[in-house]
Amino acid sequence: MPSFSPRTAFTKAIRASVLGALFAVSVPAFAQEEQSDVRWVSDDLTTYVRSGPTDGYRIVGSLTSGDKVELIKTQGDYSQVRSESGNTVWIRSDDLQDSPGPAEALPQLKEQVAALTHELATIEETWQTRVQGMEETLEARRVLAEELEQTRQALHDELVATQSELRTAQAQLGDENKEVLMRYMVYGGGIAGAGLLAGLILPSLTRSRKRNDGWV
């Protein structure tokens, strides 16, 4: 399956739009130029023109396909027109049309194609610049994300080490508390034993002294 590229899709869409715009703008442009008194000699035709509105009038010249003429009036099957050279002649109405032929339309279409091609190139250049900017932004964000991930991992490792040290310190503190408690118990037991011994010995000494005093 072929890979999908946003840039390629955008370029194809722009080209399709340009082609559509070319046909869309060419017709209105000619429509604006088409006035009620403007006609063109039909395509693929070189026709004779006469001095009057019937076939009985003498031929005074000819007009070629694509020639632009000004319609003056229509009478029967003929129309009186004024050529670009300024001559007023009669031509069969069937040999006239309301839109220019390819010979006259081609230069305008070429100009429009050139203008649209230039516009397309400008759009593509702008799009490439924007894409490059987005790619640079994405690369910068990727680098930043990697740096943040490294920082997060370092903080995580430091937290694990700190928690381990804390557990070790708590264990050591527990052992020290037990040792201190044992010392207090031994010390307290010694004091209690000494007091008990003193309580037993002192009364005996007191009674002995009293007996000795009576002997004297």
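Arginine 82 is partly exposed, at a relative accessible area of 31%; the class runs between buried (under 20%) and exposed (over 50%), with a 1.4 Å probe and protein chains only. Its side chain meets that of glutamate 70 in a salt bridge (3.2 Å, N to O). Here a salt bridge is a side-chain nitrogen of Lys or Arg within 4 Å of a carboxyl oxygen of Asp or Glu. The model is predicted: local features need pLDDT of at least 70, side-chain atom pairs count only at pLDDT 80 or more, and totals for chains, interfaces and linings use all residues. Residues are numbered from 1 along each chain as its sequence is written, and side-chain values use heavy atoms, leaving out hydrogens and water.

**Strands and hairpins**

- Glutamate 70 counts as partly exposed, at 33% relative accessibility.
- E4 (residues 68-75) and E5 (residues 78-83) pair in the antiparallel sense over six bridges; pairing requires that DSSP finds at least two bridges between the strands.
- Two residues separate the strands in this hairpin, and glycine 76 there takes a positive phi near 65°.
- E5 also pairs with E6 in the antiparallel sense, over five bridges.
- Valine 81 stands opposite valine 89 in E6.
- The hairpin of E5 and E6 has four residues between the strands, with glycine 86 at a positive phi near 100°.
- Glutamate 84 lies in the loop between E5 and E6 and is exposed, with a relative accessible area of 66%.
- Glutamate 84 is 6.2 Å from valine 69, C-alpha to C-alpha, and 15 residues from it in sequence.

**Helix H2**

- Glutamate 139 and arginine 142 form a salt bridge, with the closest N and O atoms 2.5 Å apart.
- Both lie in H2, three residues apart, about one turn of the helix.
- Glutamate 139 is partly exposed at 38%, and arginine 142 is partly exposed at 38%.
- Glutamate 149 and arginine 152 meet in another salt bridge (2.9 Å, N to O).
- Glutamate 149 and arginine 152 are three residues apart in H2, so about one helical turn separates them.
- Salt bridges that share partners join Glu139, Arg142 and Glu146 into one network.
- Methionine 182 sits in H2 (residues 102-215).
- Leu181, Met182 and Met185 make a nonpolar surface patch of about 330 Å². Patch residues have over 30% relative accessible area and no salt bridge; like charges are joined within 9 Å, and nonpolar side chains (Val, Leu, Ile, Met, Phe, Trp, Tyr) within 5 Å.

**Whole chain**

- The chain has two helices and seven strands, in the order α-β-β-β-β-β-β-β-α. Helices (H or I, at least four residues) and strands (E, at least two) are DSSP runs, numbered from the N terminus.
- The structure holds five salt bridges.
- Of the 216 residues, 19% count as buried.
- The accessible surface is about 16,200 Å², and carbon and sulfur atoms account for 58% of that. Areas come from the Shrake-Rupley method with a 1.4 Å probe; for residues, only the protein chains shown count as cover.

**Confidence**

- Mean pLDDT, the predictor's confidence in each residue from 0 to 100, is 75 for the chain, and 66% of residues score at least 70.
- Helix H1 (residues 6-33) has the lowest mean among the elements (51), and strand E6 (residues 88-92) the highest (94).
- Residues 25-34 fall below 50; beyond near neighbours in sequence, this stretch has 15 contacts in the model, a contact being heavy atoms within 4.5 Å.
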